[in-house]
Amino acid sequence: MSKLAILGGTPVRTKEFPNRVSMGSEEKSAALRVLDSDILSGFVGAAGKFFNGGKEVVEFENLWAQTYGFKNAISVNSLTTGLQTAVGAVGIEPGDEVICSPYSMSASATSVLFYGGIPIFADLDQNRFTLDPASIERRITPRTKAILVVHLFGYPADMDAIMKIAAKHGLSVIEDAAQAPGIYYKGRSVGTIGDIGGFSLNFHKHIHTGEGGLLVTNNDEIALRCRLIRNHGENATEAYGVEEISNMIGSNYRFTELQAAIGIEQFKKLKGILAHRTKLGHYLDRRLKSIPGLTIQQIESGSTHSYYMYPVRFDEEIVGISRNLFLRAVALELPKPKFWDTTPFAEGYVKPLYLNPLYQKKIAIGKKGFPFNFNPGVTYDYPKGLCPVTEKLYEKELLLSPLVREGMDIDDIKDFADAIEKVVGGIRELKDSLAGLASGMLYDAVRAIDENVS
Ligand SMILES: *Cc1c(COP(=O)(O)O)cnc(C)c1O
(Lines give C-alpha, C1' and ligand atoms only; values in the text may rest on other atoms or scores of the structure.)
Protein backbone atom coordinates (compact mmCIF):
# COMPACT_ATOMS: atom_id res chain seq x y z
CA MET A 1 0.00 0.00 0.00
CA SER A 2 1.56 3.26 -1.04
CA LYS A 3 1.82 6.15 1.38
CA LEU A 4 -1.25 8.39 1.71
CA ALA A 5 -1.02 11.83 0.11
CA ILE A 6 -2.09 13.34 3.44
CA LEU A 7 1.13 11.88 4.89
CA GLY A 8 3.26 13.17 2.04
CA GLY A 9 2.79 10.27 -0.40
CA THR A 10 1.99 10.48 -4.10
CA PRO A 11 -1.70 11.21 -4.86
CA VAL A 12 -3.77 8.71 -6.83
CA ARG A 13 -4.43 11.34 -9.49
CA THR A 14 -3.26 14.86 -10.25
CA LYS A 15 -4.74 15.25 -13.74
CA GLU A 16 -7.82 17.45 -13.60
CA PHE A 17 -11.22 15.83 -13.90
CA PRO A 18 -13.07 16.61 -17.13
CA ASN A 19 -15.65 19.37 -16.83
CA ARG A 20 -19.36 19.13 -17.50
CA VAL A 21 -20.31 20.68 -20.84
CA SER A 22 -24.08 20.98 -20.92
CA MET A 23 -24.81 23.09 -24.01
CA GLY A 24 -24.23 21.73 -27.50
CA SER A 25 -24.90 22.77 -31.07
CA GLU A 26 -28.54 21.63 -30.70
CA GLU A 27 -29.22 24.17 -27.92
CA LYS A 28 -27.38 26.87 -29.86
CA SER A 29 -29.47 26.46 -32.98
CA ALA A 30 -32.67 26.24 -30.90
CA ALA A 31 -31.81 29.53 -29.22
CA LEU A 32 -31.05 31.13 -32.57
CA ARG A 33 -34.36 29.90 -33.97
CA VAL A 34 -36.17 31.80 -31.21
CA LEU A 35 -34.04 34.91 -31.63
CA ASP A 36 -34.76 34.88 -35.37
CA SER A 37 -38.49 34.64 -34.65
CA ASP A 38 -38.17 37.76 -32.48
CA ILE A 39 -40.75 36.29 -30.06
CA LEU A 40 -38.92 35.79 -26.79
CA SER A 41 -42.08 35.21 -24.78
CA GLY A 42 -45.46 34.03 -26.01
CA PHE A 43 -47.43 34.83 -22.84
CA VAL A 44 -50.18 37.39 -22.38
CA GLY A 45 -51.50 37.96 -18.84
CA ALA A 46 -55.17 37.69 -19.74
CA ALA A 47 -57.47 34.81 -20.68
CA GLY A 48 -57.21 33.78 -24.30
CA LYS A 49 -55.00 32.16 -26.86
CA PHE A 50 -51.74 33.26 -25.27
CA PHE A 51 -52.61 32.67 -21.63
CA ASN A 52 -50.65 29.42 -21.56
CA GLY A 53 -47.60 30.66 -23.41
CA GLY A 54 -46.10 30.47 -26.85
CA LYS A 55 -45.22 27.71 -29.29
CA GLU A 56 -41.94 26.61 -27.68
CA VAL A 57 -43.37 26.61 -24.16
CA VAL A 58 -46.32 24.46 -25.19
CA GLU A 59 -44.07 22.06 -27.11
CA PHE A 60 -41.67 21.76 -24.18
CA GLU A 61 -44.50 20.97 -21.78
CA ASN A 62 -46.05 18.42 -24.17
CA LEU A 63 -42.75 16.63 -24.61
CA TRP A 64 -42.44 15.89 -20.89
CA ALA A 65 -46.10 15.04 -20.56
CA GLN A 66 -46.07 12.55 -23.44
CA THR A 67 -42.75 10.94 -22.56
CA TYR A 68 -43.58 10.23 -18.93
CA GLY A 69 -47.35 9.96 -19.14
CA PHE A 70 -48.14 13.12 -17.16
CA LYS A 71 -51.61 14.44 -17.92
CA ASN A 72 -50.50 18.07 -17.42
CA ALA A 73 -47.11 19.76 -17.48
CA ILE A 74 -46.78 23.44 -16.52
CA SER A 75 -43.47 25.23 -16.97
CA VAL A 76 -42.44 27.88 -14.43
CA ASN A 77 -39.45 30.18 -14.05
CA SER A 78 -37.91 28.11 -11.21
CA LEU A 79 -38.93 25.23 -9.02
CA THR A 80 -38.85 27.61 -6.05
CA THR A 81 -41.78 29.49 -7.58
CA GLY A 82 -43.10 26.14 -8.83
CA LEU A 83 -43.38 24.78 -5.30
CA GLN A 84 -45.12 27.98 -4.19
CA THR A 85 -47.53 27.50 -7.09
CA ALA A 86 -48.18 23.89 -6.08
CA VAL A 87 -48.81 24.86 -2.45
CA GLY A 88 -51.27 27.53 -3.60
CA ALA A 89 -52.95 25.22 -6.09
CA VAL A 90 -53.68 22.48 -3.55
CA GLY A 91 -55.36 25.13 -1.40
CA ILE A 92 -53.05 25.73 1.56
CA GLU A 93 -54.37 28.55 3.76
CA PRO A 94 -52.94 30.55 6.67
CA GLY A 95 -52.53 28.28 9.67
CA ASP A 96 -52.56 25.03 7.69
CA GLU A 97 -49.75 22.68 8.64
CA VAL A 98 -47.70 21.03 5.92
CA ILE A 99 -45.30 18.21 6.74
CA CYS A 100 -41.92 18.91 5.17
CA SER A 101 -38.46 17.41 4.93
CA PRO A 102 -35.88 19.14 7.13
CA TYR A 103 -33.06 18.11 4.83
CA SER A 104 -33.45 19.75 1.45
CA MET A 105 -33.02 22.91 -0.50
CA SER A 106 -34.71 25.62 1.61
CA ALA A 107 -37.58 26.19 -0.83
CA SER A 108 -38.93 22.70 -0.08
CA ALA A 109 -40.26 24.25 3.14
CA THR A 110 -40.41 28.03 2.56
CA SER A 111 -42.89 27.49 -0.30
CA VAL A 112 -45.46 26.66 2.39
CA LEU A 113 -44.91 29.99 4.17
CA PHE A 114 -45.84 32.04 1.12
CA TYR A 115 -49.51 31.07 1.59
CA GLY A 116 -49.35 31.37 5.38
CA GLY A 117 -48.93 27.64 5.88
CA ILE A 118 -46.68 26.32 8.63
CA PRO A 119 -43.88 23.88 7.82
CA ILE A 120 -43.82 20.95 10.26
CA PHE A 121 -40.63 18.95 9.95
CA ALA A 122 -40.72 15.16 10.15
CA ASP A 123 -37.56 13.08 10.42
CA LEU A 124 -35.88 11.08 7.68
CA ASP A 125 -35.40 7.43 6.92
CA GLN A 126 -31.65 6.97 7.35
CA ASN A 127 -31.29 4.80 4.23
CA ARG A 128 -33.44 6.73 1.77
CA PHE A 129 -32.71 10.24 3.13
CA THR A 130 -36.39 10.98 2.52
CA LEU A 131 -39.34 11.41 4.89
CA ASP A 132 -39.83 8.52 7.30
CA PRO A 133 -43.53 7.52 7.15
CA ALA A 134 -43.59 6.69 10.88
CA SER A 135 -42.30 10.17 11.72
CA ILE A 136 -44.88 11.76 9.38
CA GLU A 137 -47.67 9.98 11.27
CA ARG A 138 -46.37 11.32 14.57
CA ARG A 139 -46.53 14.92 13.28
CA ILE A 140 -50.11 14.82 12.04
CA THR A 141 -52.64 17.06 13.83
CA PRO A 142 -56.19 18.18 12.95
CA ARG A 143 -54.53 21.16 11.19
CA THR A 144 -52.35 19.06 8.83
CA LYS A 145 -53.34 19.61 5.18
CA ALA A 146 -50.48 18.29 3.06
CA ILE A 147 -47.19 16.44 2.88
CA LEU A 148 -44.39 17.92 0.79
CA VAL A 149 -41.96 15.09 0.04
CA VAL A 150 -38.52 15.47 -1.50
CA HIS A 151 -36.88 12.77 -3.62
CA LEU A 152 -33.50 13.71 -2.21
CA PHE A 153 -30.34 13.17 -4.26
CA GLY A 154 -32.56 11.62 -6.92
CA TYR A 155 -33.87 8.57 -5.08
CA PRO A 156 -37.64 8.42 -4.56
CA ALA A 157 -39.26 8.70 -1.15
CA ASP A 158 -41.27 5.73 0.11
CA MET A 159 -44.39 6.82 -1.77
CA ASP A 160 -46.57 3.75 -1.09
CA ALA A 161 -46.41 4.33 2.65
CA ILE A 162 -46.72 8.12 2.27
CA MET A 163 -49.77 7.91 -0.03
CA LYS A 164 -51.40 5.52 2.42
CA ILE A 165 -50.99 8.03 5.26
CA ALA A 166 -52.25 10.82 3.00
CA ALA A 167 -55.37 8.84 2.07
CA LYS A 168 -56.06 7.95 5.68
CA HIS A 169 -55.92 11.58 6.83
CA GLY A 170 -57.22 13.29 3.66
CA LEU A 171 -53.95 15.12 2.90
CA SER A 172 -52.61 16.47 -0.39
CA VAL A 173 -49.18 15.26 -1.46
CA ILE A 174 -46.68 17.48 -3.28
CA GLU A 175 -43.54 15.86 -4.69
CA ASP A 176 -40.38 17.95 -4.88
CA ALA A 177 -38.63 15.99 -7.62
CA ALA A 178 -36.12 18.76 -8.36
CA GLN A 179 -33.28 16.26 -8.18
CA ALA A 180 -35.16 13.35 -9.72
CA PRO A 181 -36.24 14.10 -13.33
CA GLY A 182 -37.20 10.97 -15.24
CA ILE A 183 -37.00 8.80 -12.12
CA TYR A 184 -39.28 5.89 -11.28
CA TYR A 185 -40.66 4.67 -7.98
CA LYS A 186 -41.61 1.00 -8.28
CA GLY A 187 -42.25 1.47 -11.99
CA ARG A 188 -44.18 4.76 -11.72
CA SER A 189 -42.85 8.17 -12.81
CA VAL A 190 -42.18 10.39 -9.82
CA GLY A 191 -44.02 13.71 -9.89
CA THR A 192 -47.56 12.40 -10.39
CA ILE A 193 -47.72 9.74 -7.70
CA GLY A 194 -48.90 12.48 -5.36
CA ASP A 195 -51.32 15.23 -6.38
CA ILE A 196 -48.65 17.38 -7.99
CA GLY A 197 -44.88 17.34 -8.40
CA GLY A 198 -42.12 19.40 -9.88
CA PHE A 199 -38.68 19.33 -11.46
CA SER A 200 -36.02 22.04 -11.39
CA LEU A 201 -34.18 23.27 -14.45
CA ASN A 202 -31.57 25.38 -12.69
CA PHE A 203 -27.96 25.30 -13.85
CA HIS A 204 -26.92 22.56 -11.41
CA LYS A 205 -29.65 20.10 -12.23
CA HIS A 206 -29.34 17.16 -14.68
CA ILE A 207 -30.78 19.19 -17.51
CA HIS A 208 -31.20 22.93 -17.32
CA THR A 209 -32.29 26.17 -18.93
CA GLY A 210 -30.18 28.38 -16.68
CA GLU A 211 -33.18 28.81 -14.40
CA GLY A 212 -36.56 27.16 -14.73
CA GLY A 213 -38.90 24.49 -13.47
CA LEU A 214 -41.75 22.23 -14.48
CA LEU A 215 -44.84 21.17 -12.54
CA VAL A 216 -46.67 17.97 -13.41
CA THR A 217 -50.08 16.72 -12.31
CA ASN A 218 -52.75 14.30 -13.43
CA ASN A 219 -55.41 16.47 -11.77
CA ASP A 220 -56.89 18.93 -14.30
CA GLU A 221 -58.31 21.25 -11.66
CA ILE A 222 -54.95 21.59 -9.91
CA ALA A 223 -53.32 22.12 -13.31
CA LEU A 224 -55.68 24.99 -14.14
CA ARG A 225 -55.03 26.59 -10.75
CA CYS A 226 -51.28 26.33 -11.41
CA ARG A 227 -51.69 28.04 -14.78
CA LEU A 228 -53.67 30.82 -13.10
CA ILE A 229 -51.06 31.32 -10.38
CA ARG A 230 -48.30 31.30 -13.00
CA ASN A 231 -49.88 34.05 -15.04
CA HIS A 232 -51.95 36.72 -13.26
CA GLY A 233 -54.86 34.49 -12.34
CA GLU A 234 -56.73 37.43 -10.81
CA ASN A 235 -57.54 38.54 -14.37
CA ALA A 236 -58.66 35.17 -15.64
CA THR A 237 -60.70 33.20 -13.06
CA GLU A 238 -64.03 34.35 -14.50
CA ALA A 239 -63.10 33.53 -18.08
CA TYR A 240 -61.99 30.04 -17.06
CA GLY A 241 -65.06 29.47 -14.87
CA VAL A 242 -63.05 29.02 -11.70
CA GLU A 243 -65.31 29.40 -8.69
CA GLU A 244 -62.89 28.48 -5.94
CA ILE A 245 -60.75 31.59 -6.37
CA SER A 246 -58.72 31.47 -3.14
CA ASN A 247 -54.96 31.71 -3.74
CA MET A 248 -55.68 32.96 -7.25
CA ILE A 249 -53.82 36.22 -6.85
CA GLY A 250 -51.59 35.23 -9.72
CA SER A 251 -48.02 36.13 -10.25
CA ASN A 252 -45.65 36.08 -13.17
CA TYR A 253 -43.73 32.81 -13.05
CA ARG A 254 -43.65 32.43 -16.83
CA PHE A 255 -41.08 30.50 -18.79
CA THR A 256 -39.66 32.23 -21.87
CA GLU A 257 -39.61 30.90 -25.43
CA LEU A 258 -35.82 31.00 -25.31
CA GLN A 259 -35.71 28.82 -22.19
CA ALA A 260 -38.28 26.43 -23.65
CA ALA A 261 -36.42 26.02 -26.94
CA ILE A 262 -33.20 25.21 -25.08
CA GLY A 263 -35.19 23.01 -22.70
CA ILE A 264 -36.58 20.94 -25.59
CA GLU A 265 -33.04 20.03 -26.66
CA GLN A 266 -31.96 19.43 -23.08
CA PHE A 267 -34.92 17.16 -22.51
CA LYS A 268 -33.89 14.99 -25.47
CA LYS A 269 -30.63 14.31 -23.62
CA LEU A 270 -32.18 13.40 -20.27
CA LYS A 271 -32.43 9.65 -20.77
CA GLY A 272 -28.81 9.45 -21.92
CA ILE A 273 -27.68 11.52 -18.93
CA LEU A 274 -29.56 9.27 -16.51
CA ALA A 275 -28.15 6.13 -18.15
CA HIS A 276 -24.62 7.51 -17.86
CA ARG A 277 -25.02 8.46 -14.21
CA THR A 278 -26.53 5.06 -13.48
CA LYS A 279 -23.50 3.35 -15.05
CA LEU A 280 -21.12 5.40 -12.88
CA GLY A 281 -23.27 5.00 -9.77
CA HIS A 282 -23.47 1.23 -10.13
CA TYR A 283 -19.72 1.05 -10.68
CA LEU A 284 -19.15 2.95 -7.43
CA ASP A 285 -21.66 0.71 -5.65
CA ARG A 286 -19.65 -2.35 -6.67
CA ARG A 287 -16.38 -0.79 -5.54
CA LEU A 288 -17.64 0.57 -2.21
CA LYS A 289 -20.19 -1.96 -1.05
CA SER A 290 -17.82 -4.17 0.91
CA ILE A 291 -15.78 -1.41 2.57
CA PRO A 292 -16.43 -1.61 6.33
CA GLY A 293 -17.86 1.62 7.72
CA LEU A 294 -19.22 2.89 4.40
CA THR A 295 -22.88 2.16 3.60
CA ILE A 296 -24.08 2.66 0.05
CA GLN A 297 -27.72 3.30 -0.79
CA GLN A 298 -29.88 0.25 -1.51
CA ILE A 299 -32.02 0.51 -4.64
CA GLU A 300 -35.36 -1.33 -4.48
CA SER A 301 -36.73 -3.23 -7.45
CA GLY A 302 -38.56 -1.00 -9.97
CA SER A 303 -37.09 2.24 -8.58
CA THR A 304 -34.30 4.25 -10.18
CA HIS A 305 -31.76 6.79 -8.91
CA SER A 306 -30.70 9.97 -10.71
CA TYR A 307 -27.46 10.35 -8.70
CA TYR A 308 -27.87 14.09 -8.40
CA MET A 309 -25.37 13.37 -5.63
CA TYR A 310 -23.85 10.01 -4.79
CA PRO A 311 -24.55 9.49 -1.06
CA VAL A 312 -22.60 7.28 1.34
CA ARG A 313 -23.23 6.82 5.05
CA PHE A 314 -20.04 6.96 7.09
CA ASP A 315 -19.51 5.19 10.41
CA GLU A 316 -16.69 6.86 12.31
CA GLU A 317 -16.42 4.02 14.86
CA ILE A 318 -15.86 1.39 12.20
CA VAL A 319 -13.66 3.42 9.84
CA GLY A 320 -11.57 4.61 12.76
CA ILE A 321 -11.16 8.33 11.94
CA SER A 322 -13.52 11.30 11.82
CA ARG A 323 -15.60 11.97 8.73
CA ASN A 324 -13.81 15.26 8.25
CA LEU A 325 -10.34 13.75 8.34
CA PHE A 326 -11.49 10.97 6.01
CA LEU A 327 -12.81 13.36 3.39
CA ARG A 328 -9.66 15.48 3.61
CA ALA A 329 -7.49 12.41 3.14
CA VAL A 330 -9.53 11.41 0.07
CA ALA A 331 -9.46 15.00 -1.25
CA LEU A 332 -5.68 15.08 -1.14
CA GLU A 333 -5.50 11.99 -3.35
CA LEU A 334 -7.48 13.70 -6.14
CA PRO A 335 -7.96 16.93 -8.07
CA LYS A 336 -10.97 19.13 -7.26
CA PRO A 337 -14.27 17.90 -8.73
CA LYS A 338 -14.77 20.94 -11.03
CA PHE A 339 -18.31 22.09 -11.82
CA TRP A 340 -19.21 21.73 -8.12
CA ASP A 341 -16.97 23.85 -5.91
CA THR A 342 -16.30 21.25 -3.26
CA THR A 343 -14.12 18.22 -2.53
CA PRO A 344 -14.68 14.78 -4.15
CA PHE A 345 -16.56 13.87 -0.98
CA ALA A 346 -18.44 16.65 0.80
CA GLU A 347 -19.88 16.22 4.29
CA GLY A 348 -23.32 16.77 5.69
CA TYR A 349 -25.32 18.37 2.81
CA VAL A 350 -27.28 21.31 4.37
CA LYS A 351 -27.92 22.28 7.97
CA PRO A 352 -31.33 20.89 9.01
CA LEU A 353 -33.65 23.63 7.80
CA TYR A 354 -35.37 24.26 11.13
CA LEU A 355 -32.04 25.30 12.70
CA ASN A 356 -31.95 28.42 10.51
CA PRO A 357 -32.99 31.79 12.06
CA LEU A 358 -36.25 31.86 10.07
CA TYR A 359 -37.57 28.97 12.20
CA GLN A 360 -35.58 29.65 15.35
CA LYS A 361 -36.88 33.24 15.57
CA LYS A 362 -40.21 32.34 13.91
CA ILE A 363 -40.13 35.43 11.74
CA ALA A 364 -41.24 34.85 8.15
CA ILE A 365 -43.77 37.32 6.79
CA GLY A 366 -43.65 40.72 8.47
CA LYS A 367 -42.15 41.12 11.94
CA LYS A 368 -45.07 39.99 14.08
CA GLY A 369 -44.55 36.24 13.84
CA PHE A 370 -46.97 35.39 11.03
CA PRO A 371 -47.78 32.61 10.22
CA PHE A 372 -46.28 30.84 13.23
CA ASN A 373 -48.64 32.73 15.59
CA PHE A 374 -51.74 32.24 13.47
CA ASN A 375 -53.41 29.34 15.31
CA PRO A 376 -54.70 30.51 18.73
CA GLY A 377 -53.31 28.40 21.55
CA VAL A 378 -50.87 26.51 19.34
CA THR A 379 -47.13 27.13 19.69
CA TYR A 380 -44.67 26.04 17.05
CA ASP A 381 -41.15 25.21 18.16
CA TYR A 382 -38.17 23.97 16.23
CA PRO A 383 -35.69 22.86 18.90
CA LYS A 384 -32.39 21.15 18.24
CA GLY A 385 -33.07 17.42 18.51
CA LEU A 386 -36.40 17.75 16.64
CA CYS A 387 -35.22 15.33 13.93
CA PRO A 388 -32.42 13.20 15.39
CA VAL A 389 -31.79 11.04 12.30
CA THR A 390 -31.40 14.16 10.16
CA GLU A 391 -29.10 15.85 12.66
CA LYS A 392 -26.91 12.74 12.83
CA LEU A 393 -26.66 12.61 9.05
CA TYR A 394 -25.69 16.26 9.02
CA GLU A 395 -23.22 16.14 11.88
CA LYS A 396 -21.63 12.73 11.52
CA GLU A 397 -22.77 10.36 8.84
CA LEU A 398 -23.45 11.70 5.41
CA LEU A 399 -20.83 11.93 2.68
CA LEU A 400 -21.84 13.11 -0.78
CA SER A 401 -19.94 12.93 -4.00
CA PRO A 402 -20.66 15.26 -6.93
CA LEU A 403 -18.45 13.16 -9.23
CA VAL A 404 -21.24 11.00 -10.66
CA ARG A 405 -22.03 13.30 -13.56
CA GLU A 406 -21.69 13.99 -17.27
CA GLY A 407 -18.14 14.52 -18.44
CA MET A 408 -16.82 11.91 -16.01
CA ASP A 409 -16.18 8.42 -17.30
CA ILE A 410 -15.48 5.06 -15.69
CA ASP A 411 -11.72 5.73 -15.77
CA ASP A 412 -12.22 8.95 -13.83
CA ILE A 413 -14.60 7.45 -11.31
CA LYS A 414 -12.19 4.53 -10.91
CA ASP A 415 -9.59 6.97 -9.56
CA PHE A 416 -12.14 8.15 -7.00
CA ALA A 417 -12.81 4.57 -5.88
CA ASP A 418 -9.06 3.87 -5.80
CA ALA A 419 -8.52 6.93 -3.61
CA ILE A 420 -11.19 5.79 -1.16
CA GLU A 421 -9.70 2.29 -1.00
CA LYS A 422 -6.24 3.71 -0.55
CA VAL A 423 -7.32 5.90 2.37
CA VAL A 424 -9.24 3.05 4.01
CA GLY A 425 -6.14 0.85 3.65
CA GLY A 426 -3.94 3.55 5.18
CA ILE A 427 -6.04 4.40 8.25
CA ARG A 428 -3.74 2.61 10.71
CA GLU A 429 -0.71 4.41 9.35
CA LEU A 430 -2.61 7.71 9.41
CA LYS A 431 -3.68 7.24 13.02
CA ASP A 432 -0.16 6.22 14.06
CA SER A 433 1.34 9.29 12.38
CA LEU A 434 -1.18 11.65 13.93
CA ALA A 435 -0.60 10.12 17.36
CA GLY A 436 3.15 10.49 16.91
CA LEU A 437 3.05 14.13 15.90
CA ALA A 438 3.81 16.79 18.44
CA SER A 439 0.87 19.16 18.75
CA GLY A 440 2.63 21.98 16.85
CA MET A 441 3.41 19.66 13.97
CA LEU A 442 -0.15 18.40 13.96
CA TYR A 443 -1.34 21.98 13.63
CA ASP A 444 0.96 22.48 10.62
CA ALA A 445 -0.24 19.25 9.05
CA VAL A 446 -3.91 20.20 9.41
CA ARG A 447 -3.24 23.67 8.07
CA ALA A 448 -1.48 22.18 5.07
CA ILE A 449 -4.55 20.06 4.43
CA ASP A 450 -6.81 23.11 4.69
CA GLU A 451 -4.70 24.98 2.16
CA ASN A 452 -4.79 22.06 -0.21
CA VAL A 453 -8.47 21.43 0.18
CA SER A 454 -9.74 24.96 -0.11
C1 LIG B 1 -32.89 22.86 -6.87
C2 LIG B 1 -33.92 22.48 -5.90
C3 LIG B 1 -35.07 23.24 -5.66
C4 LIG B 1 -35.31 24.60 -6.23
O5 LIG B 1 -35.23 24.66 -7.59
P6 LIG B 1 -34.90 26.05 -8.34
O7 LIG B 1 -35.29 25.75 -9.74
O8 LIG B 1 -33.45 26.31 -8.16
O9 LIG B 1 -35.73 27.12 -7.75
C10 LIG B 1 -36.04 22.76 -4.79
N11 LIG B 1 -35.87 21.59 -4.17
C12 LIG B 1 -34.78 20.84 -4.32
C13 LIG B 1 -34.67 19.55 -3.61
C14 LIG B 1 -33.75 21.27 -5.18
O15 LIG B 1 -32.65 20.53 -5.32
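**The loop between helix 11 and helix 12**

Lysine 362 sits in the loop that runs between helix 11 and helix 12; helices here are DSSP runs of H or I with at least four residues, strands are runs of E with at least two, and both are numbered from the N terminus. Although lysine 362 is not a glycine, its phi is positive, at about 50°. Proline 371 belongs to this loop too, between helix 11 (357-360) and helix 12 (388-397). The peptide bond leading from phenylalanine 370 into proline 371 is cis, with omega near 5°.

A word on the basis: this is a predicted model, where local features need pLDDT of at least 70, side-chain atom pairs count only at pLDDT 80 or more, and totals for chains, interfaces and linings use all residues. Residues are numbered from 1 along each chain as its sequence is written, and side-chain values use heavy atoms, leaving out hydrogens and water.

Another positive phi, about 70°, is found at phenylalanine 129, again not a glycine. That residue is in the loop between strand 3 (118-121) and helix 5 (133-139). Phenylalanine 129 is buried, with a relative accessible area of 3% (buried means under 20%, exposed over 50%, partly exposed in between, with a 1.4 Å probe and protein chains only).

Stepping back, the protein holds 15 helices and 13 strands. Buried residues make up 56% of its 454 residues. Its C-alpha trace spans about 75 × 60 × 40 Å along the principal axes.
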